[in-house]
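Good morning, colleagues. Please look at the sequence and the structure on the screen while I take you through them.

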Amino acid sequence: MAIKHNQKLVNNHFRKDWQRRVRTHFDQPGKKTSRRTARQAKAAAVAPRPVDKLRPIVRCPTIKYNRKVRAGRGFTLTELKEAGISRPLAPTIGIAVDHRRQNLSEESLAINVARLKAFKERLILLPRRSNAPKKGDTKTDVSKVDKASRVSAILPIAPTDLAVKYIKKSEMPEAIEGGAYTKLRMARSNARYQGAREKRLKDKAEAESAKK
C-alpha cells in the first residue's frame with residue numbers, strides 16, 4: 001500500500017553494516033589440510049585399533065526412505081545377548097551400544113547378530129600384559145595378520161534389494177466381483193447382524209414347534 005501525505009517513514013532496516021557480518025571461508029584449503037592431519041594423528045594414536053566403531057544396520061525412518069539402510073547409533077542389548085557379547089565388554093572392543101533402541105522385527109535382529117558374529121571372527125584381542133594373557137585373547141603374531149584402520153571398510157553396509165519392484169499385468173490379482181469396497185461392507189454388515197439373525201431364526205423355530 002502506498003504511503004500518502006506527511007507520515008513517518010517505515011523502519012525497514014536498510015542501514016545495517018552488512019559488510020562486517022559477511023562470513024568468508026578463505027581458510028578452506030588450510031582447514032582441509034588440518035582435518036587430514038588430525039585424522040592421521042588420531043589413527044596413529046589409537047593404532048592398531050580402528051578409528052571407528054562397529055555400527056548396526058538400521059532402516060531409515062518414514063515411508064519415503066524406509067527401503068534404504070544406513071548405519072545406526074549402536075547395537076541393542078538383545079543383539080549383544082544373541083551374539084554372546086556382554087554389555088560391559090562391547091564398548092571396550094569397538095562395538096557401539098544403544099540401550100534405548102529396540103528390535104521391532106526378526107529380520108533386523110538376525111542381520112545385526114550375524115554382523116556381530118562376523119566382527120568377532122575377525123577380532124584380534126591383544127592381552128593387556130604380554131606375560132599374562134587372559135581367556136579370549138588372541139595368541140597369534142600380530143605382525144603377520146592383516147590389520148584395518150576402519151571397521152566400515154571391512155564390514156560395509158551394502159544397499160538391500162528390498163525396494164519397489166514391478167510386476168506384469170498378468171501377475172495382477174483378479175478383480176473382486178462388485179468391488180472390494182462393497183465386499184468389505186457386506187462382510188462388516190454380516191458380522192454385525194449375525195447374532196440378531198440367528199436369534200430371529202431361533203425364535204421362529206420355537207414358535208413353529210409351539211404351534212405343533
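Let me begin with a question: which residues in α4 are buried? They are Leu109, Asn112, Val113, Arg115, Leu116, Ala118 and Phe119, where buried means under 20% relative accessible area, with exposed over 50% and partly exposed in between, for a 1.4 Å probe and protein chains only.

A word on the source. This is a predicted model, in which local features need pLDDT of at least 70 and side-chain atom pairs count only at pLDDT 80 or more, while totals for chains, interfaces and linings use all residues. Residues are numbered from 1 along each chain as its sequence is written, and side-chain values use heavy atoms, leaving out hydrogens and water.

Now the overall arrangement. The protein chain has 6 helices and 2 strands; these are DSSP runs numbered from the N terminus, helices being H or I with at least four residues and strands E with at least two. From the N terminus, their order is α-β-α-β-α-α-α-α. Of the 212 residues in the protein chain, 15% are buried.

I return to helix α4, which covers residues 106–122. At 1.5 Å a residue, its 17 residues should span 24 Å, the expected span being 1.5 Å times one less than the number of residues. The C-alpha atoms at its ends are 25 Å apart, which agrees. The cover over its buried residues includes β1 (57–59), α3 (77–83) and α5 (151–154).

Next, the largest nonpolar core, which has 15 residues. Such a core is a set of buried Ala, Val, Leu, Ile, Met, Phe, Trp, Tyr and Cys residues joined through side-chain atoms within 4.5 Å. Leu54, Phe75, Leu80, Ile85, Ile95, Leu116 and Phe119 have the most contacts inside this core. Helices α3 and α4 each supply at least two of its residues, and the largest share, 5 residues, comes from α4. Leaving out residues up to four places away in sequence, Leu54 touches several others, including Phe75, Ile95, Leu116 and Phe119; contact means heavy atoms within 4.5 Å.

Finally, I turn to Glu79, in helix α3. Is Glu79 buried or exposed? Glu79 is buried, because its relative accessible area is 0%. Its side chain and that of Arg101 are joined by a polar contact of 2.9 Å, that is, a pair of N or O atoms within 3.5 Å; within protein, one must be able to donate a hydrogen and the other to accept it, and residues adjacent in sequence count only if both atoms are side-chain atoms.
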